[in-house]
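Please look through the model below together with its sequence. The paragraphs after it go from a single residue to the whole chain and then to a second residue.

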Amino acid sequence: MLPTKHFYIIFISIMSYVFQILSAIVNIYSIICFIYIMLSWFPGARFTKFGKFVSSLCEPYMGLFSRFRWFTFGHIDFSPIISIGLLSLLSSILGGITSTGRIYFGGILATVIFMIWNIISTFLSILVILLIVRLIVLLVKKGVTPYNSAWYQIDQFLGKITYKITSIFVKKSFSYKKSLIVSLIVFALLTFVGRIVITLLLNLCYAIPF
């Protein structure tokens, strides 16, 4: 009969192997979901045999997120980013358990916080880039935006966010250009402060002894 210590080592080895397999499965599924998203860029691609096969695998999972309206801002749907981000989070947690050989609460919590911040910071970065480009276009074209232009659709999205943010700091009437500038400053500050706060939180998580 093997000593208890040997049983423990065997058990840890088996569980590490199981988590390694699960991590690999999640990574493969993430790639398939990414292919599913890319297929939407090509008209009719999802109606091919390959497209239907990929859709049958991904739609049950990704459809869970597309139901929530608060993942959609204007005409832009961020639910695919959220769904892929959660898969990446799960893969990171499983990979961490595999590499350390134990379920480390502080490490898992740090991974969750870091991945959530990555999603938020990505969204903030996209907004900052859009705001900068939109301001440049407004300056070049002197504020003229044709109704049928792509910028008009972008303004429908940006306007809902920028006017709400600017109204918090500016009580008087303000122009669209001013709302873009104020929002740009706010998002830039949020990104900067957020990085500092996240760094502190991660250090606290890694300091947890269990």
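S83 is buried in this predicted model. Its relative accessible area is 0%, and because the limit for a buried residue is under 20%, S83 falls within that class. The residue belongs to helix 3, which covers residues 79–100. Once neighbours within four places in sequence are set aside, S83 is in contact with Y61, M62 and F65. Helix 2 runs over 49–66.

The chain as a whole contains six helices and two strands. Followed along the sequence, these elements come in the order α-α-β-β-α-α-α-α. Of the 210 residues in the chain, 35% are buried; S83 is one of the buried residues. Among contacts with a separation of 6 or more, 59% are between residues 24 or more positions apart. The accessible surface of the chain is about 13,800 Å², and carbon and sulfur atoms account for 74% of that surface.

The second residue is T48. With a relative accessible area of 38%, T48 is partly exposed. The value is neither under 20% nor over 50%, so T48 counts as neither buried nor exposed. The side chain of T48 has a polar atom 3.1 Å from the backbone nitrogen of G51.

Technical notes. Residues numbered from 1 in each chain as written. Predicted model: local features only at pLDDT ≥ 70, side-chain atom pairs only at ≥ 80, totals over all residues. Heavy atoms only, no water. Helix = DSSP H or I, 4+ residues; strand = E, 2+ residues; numbered from the N terminus. Buried < 20%, exposed > 50% of the residue type's maximum accessible area, 1.4 Å probe, protein only. Contact = heavy atoms within 4.5 Å. Areas by Shrake-Rupley, 256 points an atom, 1.4 Å probe, with all protein chains shown as cover. Polar contact = N/O pair within 3.5 Å; in protein donor to acceptor, adjacent residues only side chain to side chain.
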